[in-house]
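The sequence and structure come first, followed by the text.

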Amino acid sequence: MADHTSTDHFDPSPARPGRDADLDAEVNYDGDQFDLADRISLRRVAGMSTELTDITEVEYRQLLLERVVLVSVWTSGTQTDAENALAELKLLAETAGSQVLEGLIQRRDRPDPATYIGRGKVAEVREVVVATGADTVICDGELAPAQLRNLEDKVKVKVIDRTALILDIFAQHAKSAEGKAQVELAQLQYLKQRLRGWGGNLSRQAGGRTSGGAGIGGRGPGETKLETDRRRINSRIAKLRRELREMDSTRETKRAERRRHEVPSVAIVGYTNAGKSSLLNRLTGAGVLVEDALFATLDPTTRRTQTADSRDYTLTDTVGFVRHLPHDLVEAFASTLEESVRADLLLHVVDGSDKDPQGQIEAVRTVLRDIGAAQVPEQLVINKADAADPDTLTVLRHQFPDALVVSARTGRGIDELRTRVEDRLPHPGVEVRALVPYERGDLINRIHREGEIDTLEHTEHGTLVIVRVNAGLAAELASYRLSEGADSLVR
């Protein structure tokens, strides 16, 4: 009977050497087809090793970094999609502080429910671990507790999944009190379902002759060690939720102040390492940390800036997204992600130099739909134009004609981006003609910051303005309003 659990070694070339043209045509027509022997083999991914050339740095890195083997299951999509997914896992592993020794992909209809990659392939992974001297296996998927336990028992080294890897990176990069609390909450929610005992130290309650001699005196209504740990985790989760609610009230106060003055808000969203912080710095001079690494900045940064006609609006740099962003992380960062939901405009930043920018766009839009921000107006911004392949930029321009191509590093396209943002900001809805006394300079200042000025003229009796403002400011100007045509009488 045919084996439907297939595995592959990565082949970077799209065509397979040694096959005739007719067979290649048949393969292309029917999609990716593989011989049985090819389907059941593990395939190494070229370029996965992060070994360095400088021997002194190599020795230093080998002392400090975990040596890892990456394992992925390819269930759908093209071979290129599978390669891009594993390449991203490699970047995540390096960001977490590990040295990638090997990358393996298995082609299957679906992950094995017991061991993720199937019992026979676990032995092959074990051989790779022994041959490379790896001390960790990282799987590109969220493993069930049983899968995690079975894999560790068989490969004899630590096994973690994609979710644990991303949580570890967040834990390293969280700086603010809110960010640390959010990461800890996500980690505890992940850990709670994966508690297990090791030997007698965490064993369950004893009873009878099967208890290893504990027998009488070893039974009772008390908690097991696992139950105690789970209760402590639940207590800590409850405390963190209370702390985050208090922190969120502070954030909500700031939002309410901006809403009261009807200050438009723009949220910068996008894939991790797409250049969101660099773009914020370029637009506002915010001085946010910029680093060529995944999830370099986690804490949202909001800066106030102005349009060409001096209207205020805010720009917020949000946490980066990634494919299959862990649900626990989305829940823990709910208050942070609300900045995107409540924005008037989303600047969706895409890394134009990435191998799969279209995949980035779809991954970000998936997260935006999950958090309820799909209805917010979006402006696509293709960043890193200085490093992108011109052919890739041409394809993206054709697919997304309204997108802007910029480079936060060189400044290319930034002026056009500013103009586009200003054009797409919500405009004040109330037109006012007023003669404002000179002693009410505070109102003139607010008109400059919050309104759109059509006419501003200093007369003998005060400042004559014809402006569009929000309803709140219009109410304050009501006592100084002029009737239609009366403005010519006071000049």
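## Salt bridges and buried residues

Arginine 162 is found in helix H7, where helices (H or I, at least four residues) and strands (E, at least two) are DSSP runs, numbered from the N terminus. This is a predicted model, in which local features need pLDDT of at least 70 and side-chain atom pairs count only at pLDDT 80 or more, while totals for chains, interfaces and linings use all residues. Residues are numbered from 1 along each chain as its sequence is written, and side-chain values use heavy atoms, with hydrogens and water left out.

At 5% relative accessibility, arginine 162 is buried; buried means under 20% relative accessible area, exposed over 50%, and partly exposed in between (1.4 Å probe, protein chains only). Beyond its neighbours within four places in sequence, arginine 162 is in contact with Glu88, Leu89, Leu92, Cys139, Asp140, Gly141, Val322, Arg323 and His324, contact being heavy atoms within 4.5 Å.

One of these residues, glutamate 88, forms a salt bridge with arginine 162, and the closest N and O atoms are 2.5 Å apart. The pair links distant parts of the chain, with arginine 162 in helix H7 (residues 162-173) and glutamate 88 in helix H4 (residues 79-96), 74 residues apart. Glutamate 88 is also buried, with a relative accessible area of 8%.

A search of the whole structure finds 20 salt bridges, each defined as a side-chain nitrogen of Lys or Arg within 4 Å of a carboxyl oxygen of Asp or Glu. Three of them are listed here.

| Glutamate 88 | Arginine 162 | 2.5 Å |

Glutamate 431 is partly exposed at 41% relative accessibility, and arginine 468 is partly exposed at 32%. Elsewhere, salt bridges that share partners join Glu88, Asp140 and Arg162 into one network.

A further buried residue is glutamine 189, with a relative accessible area of 10%. Glutamine 189 sits in helix H8 (residues 177-192). Leaving aside neighbours within four places in sequence, glutamine 189 is in contact with Ile237, Arg241, Asp328 and Glu331.
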